[in-house]
Amino acid sequence: MNALTEKEIVEIKSLVSLLDDEEESIYVTARERLLMYSENALGYIPLLDENTGIAAQRFNEVRELILRSTIKEQFRALKRKTQGDIDLEVGMFLIAKYRYTTLDPKQYTEQLNAYAAELKEKLTSVNDETEIFHRVIKFFVEEKGFTGNKNDYYSEENHYLNRVLETKIGIPITISAVYLLVGKRINLPMNGIGLPGHFVMRFSFGNTHVYFDPFNGGKTLSPADCQEIVKNLGYNFTEEYLKPVSNQQILERMLRNLILMLERRQEKERIETVRQFIDTLNSDL
């Protein structure tokens, strides 16, 4: 975003005040001008419950159009500079910015860095592989308190990295992502495992793999346990499900989970926006 002049700020505020004008043509003109300001206008457009009237509907429509355009372009830019797999952390912060438009990732990046430094210190001089694994689980579960949000699974906040880092609760894929982002910083051999209906993790020592479930307190899972989870959720199991997924696959799954949550709330415009994010993520640039 570019710094706005005082004149531009005054104009944006005036345009926002016109969004609820009874004259449709005035609304359309104000909307198009605000779209030209793009994300610079977001901080001046209030986020209101759509049920509170025409003004709220129009505010949210303009916000949605701006976010749809800007975040899609940021996903394109991320893909353009990617060599190999896409950056999971940057992608997750883009998803978070969809709801928290003024988000500054710096404090959360620093939090992840601090976790990594602390965990690395706890693993210093530990050579036993089983002990390394147990210390990692203890760090996230007992010391930092990360766990699944079983009381409010469908809360929107479960889907955004900033809120998961703040609350220490989330859905399986976002809790797992915290492990991945910290683990990457200190080269821990962890990967995400995208079981249908439930995301888990794998810790590897050479050809030996240990599966575990960050959503359920880091519970250790055998391959048979993973198979049982899949079958209990109504899917046919294949060995492919036990293989690591890419960062791009993780981000797409996060966005599809967001759609499932929005469908429960029947937020059609936001569903369309997130679908367009998925299309952009998977497009050939």
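## A cluster of rings

Let's start with the aromatic side chains. Tyr-115, Phe-133, Phe-139, Phe-140, Phe-146, Tyr-179, Phe-203, Phe-205 and Phe-212 are linked into a cluster by ring pairs. Keep in mind that the model you are looking at is predicted. The count of aromatic pairs comes to 16. One of these pairs joins Phe-133 and Phe-212: the ring centres are 5.4 Å apart and the planes meet at 70°, so the pair is edge-to-face.

Where do Phe-133 and Phe-212 lie? Phe-133 belongs to helix H6 (residues 129–143) and Phe-212 to strand E5 (residues 208–213), so their pairing ties together parts that are 79 residues apart in sequence. Phe-133 counts as buried because its relative accessibility is 4%. Phe-212 is buried too, with a relative accessible area of 0%.

## Another ring pair, between loops

Now look at Tyr-153 and Phe-215. Their ring centres lie 5.7 Å apart with the planes at 75°, so this pair is edge-to-face. Tyr-153 is found in the loop between E1 and H7, while Phe-215 is in the loop between E5 and strand E6 (219–221), so the pair ties together parts that are 62 residues apart in sequence.

Phe-215 is buried, with a relative accessible area of 8%.

## Charges over rings

The charged end of Arg-58 sits over the ring of Tyr-27, 4.2 Å from the ring's centre. In the case of Arg-264, the charged end sits over the ring of Tyr-154, at 3.7 Å from the centre.

## The whole protein

Time to zoom out. The protein has 11 helices and six strands, and its C-alpha atoms fill a box of roughly 70 × 40 × 40 Å along the principal axes. Of its 285 residues, 47% count as buried. The accessible surface comes to about 14800 Å², and 46% of that belongs to carbon and sulfur atoms.

How does the chain come together across its sequence? Among contacts between residues at least 6 apart in sequence, 59% join residues that are at least 24 apart.

## The nonpolar cores

The largest nonpolar core holds 76 residues, and those with the most contacts inside it are Leu-119, Val-136, Phe-140, Met-190 and Phe-203. Leaving out residues up to four places away in sequence, Val-136 touches Leu-119, Leu-123, Leu-188, Met-190 and Phe-203. There is also a second, separate core of 10 residues, whose members include Leu-195, Val-200, Ile-229 and Phe-237.

## Val-178 in helix H8

Val-178 lies in helix H8 (residues 172–185). With a relative accessible area of 0%, Val-178 is buried. Which residues does Val-178 touch, not counting those up to four places away in sequence? The answer is Phe-140, Phe-146, Leu-161, Val-164 and Leu-165. Val-178 and Glu-89 are 89 residues apart along the chain, yet their C-alpha atoms are separated by 9.3 Å.

Asn-158 sits in the loop between strand E1 (147–148) and helix H7 (161–167). Why does Asn-158 count as buried? The cut-off is under 20% relative accessible area, and Asn-158 counts as buried because its relative accessibility is 2%.

What does the side chain of Asn-158 reach? It comes to 2.9 Å from the backbone oxygen of Asp-152, and a polar contact of 3.0 Å joins it to the side chain of Asn-149. Beyond neighbours within four places in sequence, the residues in contact with Asn-158 include Tyr-153, Val-164, Ile-169 and Thr-174.

## Two positive phi angles

Most residues other than glycine have a negative phi. Ser-125 is not a glycine, but has a positive phi of about 70°. Ser-125 is placed in the loop between helix H5 (106–123) and H6, and its relative accessibility of 68% makes it count as exposed.

Gln-266, also not a glycine, has a positive phi of about 55°. Its place is in the loop between helix H10 (247–265) and helix H11 (268–282). At 67% relative accessibility, Gln-266 counts as exposed.

Conventions. Residues numbered from 1 in each chain as written. Predicted model: local features only at pLDDT ≥ 70, side-chain atom pairs only at ≥ 80, totals over all residues. Heavy atoms only, no water. Helix = DSSP H or I, 4+ residues; strand = E, 2+ residues; numbered from the N terminus. Buried < 20%, exposed > 50% of the residue type's maximum accessible area, 1.4 Å probe, protein only. Polar contact = N/O pair within 3.5 Å; in protein donor to acceptor, adjacent residues only side chain to side chain. Contact = heavy atoms within 4.5 Å. Core = buried A, V, L, I, M, F, W, Y, C linked by side-chain atoms within 4.5 Å. Phe/Tyr/Trp six-rings, centres within 6.5 Å; stacked < 30°, edge-to-face > 60°. Lys NZ or Arg CZ within 6 Å of the ring centre and 35° of its normal. Areas by Shrake-Rupley, 256 points an atom, 1.4 Å probe, with all protein chains shown as cover.
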